[in-house]
Amino acid sequence: MQLNQHYAELKESYLFSDIAHKVSAYQAAHPEADVIRLGIGDVTLPLAAPVVEALHAAVAEMGVKETFHGYLPTEQGYDFLREAIRDYYAGRGIALDTAEIFISDGAKSDLGNLLDLFDTENTVLVPDPVYPVYVDDNVMAGRHIVYMPANAENGFLPMPPAGGEGALADIVYLCSPNNPTGAVYSREQLKVWVDWARAHDALILFDAAYECFVAEAGKARSIYEVEGAKDCAVEVCSFSKMAGFTGTRCGWTVVPQGIVHEDAETGLRQSLNRMWLRRQTTKFNGVAYIVQRGAAAVFTPEGRAAIEKNLDYYRKNAAVIAAALDEAGVWYCGGKNSPYIWLRCPAGMGSWQFFDWLLDTAHVVGTPGAGFGACGEGYFRLTAFGDAARTAEAAKRLTAALKTL
Ligand code: MLT
């Protein structure tokens, strides 16, 4: 037996597990400290009432012989949910075929699983800082990774590299609104990426998990708002942040039928959509009927209204955090089209140094920017997904602590 030696190249533990351990250790040493967690982007509002009703109804169906559901008619997901997602895109002028939509148990799984379709010799381009999952998935597979710096100069929105290794990349990860920086690509910027990918025979893996937070006109919510994207981009999306499904697990992936690749040497023609269907039917048995019914309720008028109300709650949290940073004169971005606020650590502190200082001084937990990559050093991420009263308290403590510096 030989184990996958690439696991030895991974960081000791996953970023958010690392933070959880650090906070538990702090809490054990300081049992009196009232710690507020604004680290991992986990939602705090419960599922919306129309979703819960749909879940209940589906549970009841499963208990009756005539309406019981066993294996899914297709691992790709029930028609009722894929049609609802197709209509969600159609409402924004994007035409998708339901055959292009695959229901998943969340964006994180598919972002890793999709890599099964690509040769391990492919070079992968990822922004830095980045959601650590993109990097870890590729390290596990032994793929070569090239980083493109995202910084204050490029508005944390890197554009296609003009030269070097990055210009030869085969797979590119883009996340917009971005985790962790909150930056959002405009349609024009994404058009540049799409043109680049088509010209370079590259594939864009577009993570749209936070699209529901986009409020500004001109900012893209889907890469398919850009002409030509259906020839070169796969989009991964999720009900987690949109509808509070972090614990319920449901998402979707769009694999356009137009992505067909012909190997220059062998002449073998392969359709990405067919390959993904083949992969899913072999390795995945689909998402529970009950969960898919709950997810479909998100797209009903009542569901949409309830979800918007929840999103507004988080948007207000972001505004509260932003106001605290404004008052303290700390530079930040994000928070407007995104649930994440990305701030520059004050007084020249490093990311982990600021993490420890903030935990000790204000008992507030955030995520050190360095945990997202070398270019994140000196930055820090706060999430707007907390409870409103606790977020207001954290903001108060944050301003008071920052004023002591
Ligand atoms: C985050 O905090 O970056 C996200 O919650 C992680 C995730 O969605 O997996």
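Trainee: How far apart are the centres of domain 1 and domain 2, and how do you know where each domain lies?
Mentor: The centres, taken over C-alpha atoms, are separated by 26 Å. Domain 1 is 5-33 + 302-403, and domain 2 is 49-300; such bounds come from an automatic or database domain assignment. This is a predicted model, in which local features need pLDDT of at least 70 and side-chain atom pairs count only at pLDDT 80 or more, while totals for chains, interfaces and linings use all residues. Residues are numbered from 1 along each chain as its sequence is written.

Trainee: What makes a residue part of the contact, and how many does each domain give?
Mentor: Two residues are in contact if their C-beta atoms, placed from the backbone, lie within 7 Å. Domain 1 contributes 31 residues and domain 2 contributes 39.

Trainee: Which element supplies the largest share on the side of domain 1?
Mentor: That is α10, with seven residues. α10 (301-328), β11 (332-334) and β12 (340-344) each supply at least two. Helices (H or I, at least four residues) and strands (E, at least two) are DSSP runs numbered from the N terminus. By class, this side of domain 1 has 15 nonpolar, 11 polar and five charged residues. Here Ala, Val, Leu, Ile, Met, Phe, Trp, Tyr, Cys and Pro count as nonpolar, Asp, Glu, Lys and Arg as charged, and the others, Gly among them, as polar.

Trainee: Why are α2 and α10 called oblique to each other?
Mentor: α2 (residues 49-62) packs against α10 at an angle of about 130 degrees, with the axes 8 Å apart. Axes are lines fitted to C-alpha atoms, for helices over the stretch in contact, and angles run from 0 to 180 degrees between N-to-C directions. Under 35 degrees counts as roughly parallel, over 145 as roughly antiparallel, 65 to 115 as roughly perpendicular, and the rest as oblique. The pair is therefore oblique. A49, P50 and V51 of α2 meet E302, G303 and A306 of α10.

Trainee: And why are α11 and α12 described with another of those words?
Mentor: The axes of α11 (residues 351-362) and α12 (residues 388-403) cross at roughly 110 degrees and come within 10 Å, and the two helices are therefore roughly perpendicular. In α11, L358, T361 and A362 touch R397, L398 and A401 in α12.

Trainee: What makes β12 and β15 a pair?
Mentor: Strands pair if DSSP finds at least two bridges between them. β12 and β15 (residues 379-383) have five, in the antiparallel sense, so they meet that definition. W342 has R381 in β15 as its bridge partner. These strands belong to an open sheet ordered β11-β12-β15-β14.

Trainee: Why is one side of β11 and of β14 left without a neighbour in that sheet?
Mentor: β11 and β14 (367-368) stand at the edges, so each has a single partner strand.

Trainee: What is the strand order of the sheet of seven strands, and which strands stand at its edges?
Mentor: The order is β2-β8-β7-β6-β5-β3-β4, with mixed pairing. β2 (101-104) and β4 (144-149) are at the edges. The twist averages 20 degrees from one strand to the next.

Trainee: How do you know which residues are around the ligand?
Mentor: A residue is near a molecule or strand if its C-beta atom, placed from the backbone, lies within 6 Å of it. Around the ligand are I40, G41, D42, K108, Y131 and N179. This shell divides into two nonpolar, two polar and two charged residues.
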